[in-house]
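Let's take a friendly walk through the aromatic side chains of this protein. Have the structure open as you read.

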Amino acid sequence: KIAEALPTKKKALYLKGFFKERRNQQVEVYYLIHTEAKWLTGRILVVGRDFVSINVNGERYWIAYHAIEVARVPTGFPDTDYSHTNIIYDNDLKQSLLLNFGEVVSEKETLKQLFYEETLKTNLETWQGTHVTVWFGNINLSGKLIVGSKDGHIAVKGRKEHADIQVESISVVKTRSTLASIKDFFSKK
């Protein structure tokens, strides 16, 4: 009903629901960067308000919902999750949540994701100083991630270039592997 009432939010709501059902499972995502389309297969790490984070062979991708065209379960993987059959009650956690909810949730990443849907900017704040590649518009820029520059912006500082990027214009952010950083360092000399 919400998707019918807010057609501009329909795509994000459906994607968020799909990814939440398959948290910590394999998915295939077909996304667009400017006019180039790419497939990505990996395990879902974080489902946010306006993005999904996926791990692919040790590299982390943050993909904005507006850039995703198709998301599906890869062939050969089960379509259903049987995690509901393994329920573990943690009475200590229950008591801690009842007595000190905010502090307990803020200490554990899993609980944060469960109770609080982060935006792309707030999730990237925890990755401050990491070497990333950011695709926005028809540009990609590699460098060190600096979050908290201007309201609604992140900054990426490369060796010779620096850019303030509006978060809404970001399509994909990818952590830089050590090998790629070394290769770029020697190719620019």
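What follows covers the aromatic pairs and then a nonpolar surface patch.

## Aromatic pairs

Please keep in mind that this is a predicted model. A pair of aromatic rings is described by the distance of the centres and the angle of the planes. The count here comes to four aromatic pairs.

One of them is the stacked pair of Phe19 and Tyr65, at 6.2 Å centre to centre with 10 degrees between the planes. Phe19 belongs to helix H2 (residues 10-21), while Tyr65 sits in the loop between strand S4 (59-64) and strand S5 (68-72), so this pair ties together parts that are 46 residues apart in sequence. Both Phe19 and Tyr65 are buried. Ring pairs also bring in Phe18, giving a cluster of Phe18, Phe19 and Tyr65.

## The tryptophan pair

Trp62 and Trp127 make an edge-to-face pair, 5.4 Å centre to centre and with 75 degrees between the planes. This pair, too, links distant parts of the chain: Trp62 is in strand S4, and Trp127 is in the loop between helix H6 (120-125) and strand S6 (131-136), 65 residues apart.

Trp127 is partly exposed, at 25%.

## A nonpolar surface patch

On the surface, Phe101, Leu114, Phe115 and Tyr116 form a nonpolar patch, and together they have about 430 Å² of accessible area. Phe115 is part of helix H5 (residues 109-115). This residue, Phe115, is partly exposed, with a relative accessible area of 45%.

Notes: Residues are numbered from 1 along each chain as its sequence is written. This is a predicted model: local features need pLDDT of at least 70, side-chain atom pairs count only at pLDDT 80 or more; totals for chains, interfaces and linings use all residues. Side-chain values use heavy atoms; hydrogens and water are left out. Patches are made of residues with over 30% relative accessible area and no salt bridge: like charges are joined within 9 Å, nonpolar side chains (Val, Leu, Ile, Met, Phe, Trp, Tyr) within 5 Å. Accessible areas come from the Shrake-Rupley method with a 1.4 Å probe; for residues, only the protein chains shown count as cover. A salt bridge is a side-chain nitrogen of Lys or Arg within 4 Å of a carboxyl oxygen of Asp or Glu. Helices (H or I, at least four residues) and strands (E, at least two) are DSSP runs, numbered from the N terminus. Buried means under 20% relative accessible area, exposed over 50%, partly exposed in between (1.4 Å probe, protein chains only). Rings of Phe, Tyr and Trp (its six-membered ring) pair if their centres lie within 6.5 Å; planes under 30 degrees apart count as stacked, over 60 as edge-to-face and the rest as tilted.
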